[in-house]
Amino acid sequence: MIDSVQPFTTGTVHVTVTMGDTAQEPVARVDVHAYALDDNGDPTGAPIANGHVLNPDPANPPVVKIQGLTNDANYAFEATETTAGGALSGVSTPFIGGPQTPKPPLAPTLATVLGRDTKMLVVWNPAHPNGSPVTSYTVTATPNGPGASVTASVAGNAIHTTLTGLVNGKYYSVTVTATNAAGTSPAGTSDSQTVGAEANGTVAARPAYTSSAPQDVSAGPPPPGADGAQPDPTSLQVSWDAPFDNGGHTITNYIVDAVAPGQAPVVATVPATTTRTTLTGLAPDVEYKITVTGTQHNGQLSATSTPVTAAPHPTLAAGTVFLSAASIATITRVTDTTVVFTNPPAQVTNLAVKNIIAVGESTNPLAHSGLLRVVDSKSTTGGTVTLTTSQAALQQAFRALDFTAHGNQATSGAQGYRIQMLNPNFQATMAPQVAIPIANKTFTLDLAQKLNDDPKMKERLGNATITAKLTAALSLTTNWEANASFQDDPNGSWYSTKTFTYDFSATATAKASITGELGIAYKHETQREPLLTLKPAGTGCVIVYAIAFCPSLTIYTQTSIDGSIKFTFNATYERTMGGKVHRDSSGNTHKTDLTKNPVTAFNYDLNAAATVTFAFPVSLKILIYDVAGPELEVTPSIEITADTAATPWLKVTAPLKVSVFFLLDFKLTSFSFGGVVYNTTFPLYQSAGAFPIPSLSSAAPAAATGPRTASKSLTAAAAATKQYAVTWPAACDPAQAVTWSMAAGSLGTVSPTGLYTPPTHPGTNYTDLINATTAGTATCPSVTAQAAHHHGASLPAAPHAPAISPDGSTVTWTAPADGGSAIEEYVVTVVNNPGDPAGSETVLGTAPGTATSMPIPADRIPQIEGGHASVQVTAVTARGQGPASALSPPAPATNPLPVLTTSTAIAGGGNITVTPDVFNLGASDATNVTYQLAYPPVFTNPTAPSSCTINTTSRTLTCDTGAIPAGTDKITPLISFTVGTMTPGTAHPLTITRTGANPYASDPNNGTTTLMCAADTALKVTCA
């Protein structure tokens, strides 16, 4: 596939290609072809240009040069590869891109500045080249007070340098500029968000100092052996990353300590060439605190890492089977519900229903994110074994487990992270690993192209000239940590059967440089579009012991523009966003905000009204076995509001919202919670006084009906004149001459005094531009002020009050203003649904423009309720699609929820005790709560309290639990059965279903829990 298309020189691009599977035969040639685009944006005709690379290095994606293209035109690029034996691959998915007219680069953003002895280490994120490769960077340290600046220039492919000749103890501000063939960028400046800098952005040169601590320590049991056997029960595997800042010292080795109350400490020393070791001789089942300390070349110690916890000897639940390497190698197909083996060994053929299969680290790409599945059924045809499976929770597979996982290099592999592009209209690159792991993504959002490609936008804009382009360089650095511990509590209810505690924290630091040009008299809002996903290289998962954590950082773009005339700007934005969730041993959940204040810089060139909001929503998910886990979503943005008639005429604010969502698979069901932990807007900039140059204002039209928008949108029944006048700032003489004219292509006229007259027969949509050119004076230079007059319907507004009905069957909303054109349909989308493999937005359905509700398809109700998802509604008219509504409240979870726990028994006459527990997860007290328990024929002689009615014919118990206050549960004691003869390996269902609860309505997902009871060869019966 094609990873990126980067503008290089005039008419030339560099195309980076990721080759397909080369395990069977090496690739001898990679070809790339460039095609013109048709009206739908698809490749058409013969190739316009071609390029190729011979005998590419399998370890490095080849870069193919394509020449002979036209600047600022988009093309579709497709790639093929040919093996040494002559086999030709299929054609890659088209990637849209092209060369650009070179402009100066965007401002680099600084990542790190660290003081050294009369020196300074400076690390920055690569500047967006903006159409021409960066040829050099200039790094300058300016003293905060008297003294000389120090400057160094480095090549355009560098992202770090060391400045020398500084004075120890003196504080410096650091700037970095990038230069290409078109010029030099604005400067990126050290600030409070630059790692290593003080609150005012300065850094001091200083003699060598104590190294910081080793970072991102992970600890857990070693992985199972190749035969699937459990690891040494006295051992823990520990991994870490080198200190972020070694203080100018060389680290020679690491000391790893494990301590626990009442136990002898265990210490290991390893050379600095490794960042992983295995501790042995620990006490099984004891939780240890583990730290890592570096030894400097001068013999002194670094700071010590923050302790993490882990315990050796994970205890498997009965029936859990870790597949051996031989078994994993025979996996030939994996779906959400099946695992297929071809000619597997006896370990697989001997599996039984209700076994749990587990796969951790694996070389089979079909199991790259691990497996943790319950075997629901098994079939064998010849040498093919097919398991029908369902996802297992950690608590089902293990009786006790204690570990800490970090997203560090040691656990994710030396290759770091890999970018997967999700939208071919955008480009991304990954910076090389340096002293610290840095991920840099740059992309171009060509809004002009999007507007021009939208037929409805073309119609709405009429003959107006569009100038609309945003170019952004976005750098993101992420960090996450997951800590979990649980063990059996034989005296607990189902909810505390395993005392479960966890911590999850994640942060993402976004740094962006943005430059933009906004066009004339238009209003546009892009839908949220995924740009790229960042995942660990290789398997895509970080595996500690056999637990696969699969982090996925997805970056989106979303832009809203309502502008008149031309507005150009440059901005830089920096923000660290994050959150933490914690569940203590009492079951209480706590949320903590980890967000830091923003830093921005802003400059502009504006001569009329405009409002711009651009955002980079970031979704960081940590899935466990690619199924369930925590998610952090942050939306940093900059909002620019400029109006030449207002005082102050320019405001810049930075809204930020941080949400934490957590979905955790418990033994019998899934719990989810989450919400906004941080939501505020920071004022960043406000202009002083009125607009500094002449601008245009207008009196109300002589006759008009319908709404007005910020882009002067009118729905006039007949042409109406409008008087325009020049608004003069204090430095300008209002007596100077003004020449009035209409811009080329306009349909109306303007008089010598500024009276605008629309055309007599304007049609449905048009945009006119009125020019007022001032004569100019010594204190007020001549300028041409412009105003835009737009006639036609605007887009519909966002629908109001979206909601999901209490029974989960219907979406409702309130109709919005239609913008002057009848609403044709509504589009309903499901948002942030963990049951959706993409984890983003999926279309639920459409409804007629006259509707204010839509039934939810029956097969989607469990997915939406189970994921506690929300919906958004968007209105569509002939003018186009309006903005999406706010998110609805999350779908009501099935409530109250009944679950079961059981005791063990001996088949053939033993007794088994069943404990139904109904838990009210809702906000309202529940009354008249009833449930039905269905038991298998092998269970006889039921006994139950008087609140239950027994029907031995239907083999059911119907029980009335009465009232259950919100947030509490109620247990029905003393239900027991006599267990008859059971064939080992044969499962028998025991099912509980909630049948009533006020005020909770019945729905297709009334809570149901089924335990499958089976006997082992010793006739011991276990229900799970």
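1. Buried here means under 20% relative accessible area, exposed means over 50%, and partly exposed lies in between, with a 1.4 Å probe and protein chains only. Helices (H or I, at least four residues) and strands (E, at least two) are DSSP runs, numbered from the N terminus.

2. This is a predicted model, in which local features need pLDDT of at least 70 and side-chain atom pairs count only at pLDDT 80 or more, while totals for chains, interfaces and linings use all residues. Residues are numbered from 1 along each chain as its sequence is written, and side-chain values use heavy atoms, with hydrogens and water left out.

3. Strand E6 covers residues 75–83, and nine of its nine residues are buried, so the strand is largely enclosed by the rest of the structure. Both of its faces are covered. One side carries Tyr75, Phe77, Ala79, Glu81 and Thr83, the other Ala76, Glu78, Thr80 and Thr82, and all of these are buried.

4. Which strands pair with E6? Two strands count as paired if DSSP finds at least two bridges between them. Strand E3 (residues 27–37) pairs with E6 in the antiparallel sense over eight bridges, and Val32 stands opposite Ala79 of E6. Strand E7 (residues 95–97) is also antiparallel to E6, over three bridges. There Phe77 stands opposite Phe95 of E7.

5. The structure holds three salt bridges, a salt bridge being a side-chain nitrogen of Lys or Arg within 4 Å of a carboxyl oxygen of Asp or Glu. One of them joins Asp31 and Arg29, at 2.8 Å from N to O. Asp31 is buried, with a relative accessible area of 12%, whereas Arg29 counts as partly exposed at 31% relative accessibility.

6. Another salt bridge is formed by Arg116 and Asp245, whose closest N and O atoms are 2.9 Å apart. Arg116 lies in strand E8 (residues 109–116) and Asp245 in the loop between strand E18 (236–241) and strand E19 (251–259), so the pair ties together parts that are 129 residues apart in sequence. Both Arg116 and Asp245 are buried.

7. Lys354 and Asp376 also meet in a salt bridge, at 3.8 Å from N to O. This pair links distant parts of the chain, 22 residues apart: Lys354 is in the loop between helix H2 (346–349) and strand E29 (356–359), and Asp376 is in strand E30 (residues 371–381). Lys354 counts as partly exposed at 25% relative accessibility, and Asp376 counts as partly exposed at 31%.

8. A search of the whole structure finds nine aromatic pairs. Rings of Phe, Tyr and Trp (its six-membered ring) pair if their centres lie within 6.5 Å; planes under 30 degrees apart count as stacked, over 60 as edge-to-face and the rest as tilted. Among the pairs is Tyr75 with Phe77, edge-to-face at 6.4 Å centre to centre and 65° between the planes. Tyr75 is buried at 7% relative accessibility, and Phe77 is buried at 0%.

9. Trp124 and Tyr137 form a tilted pair, 5.3 Å centre to centre with 55° between the planes. Trp124 belongs to strand E9 (residues 119–125) and Tyr137 to strand E10 (residues 136–143), so placed 13 residues apart that the pair links distant parts of the chain. Trp124 counts as buried at 0% relative accessibility, and Tyr137 counts as buried at 2%.

10. Ring pairs also link Phe322, Phe398 and Tyr545 into a cluster.
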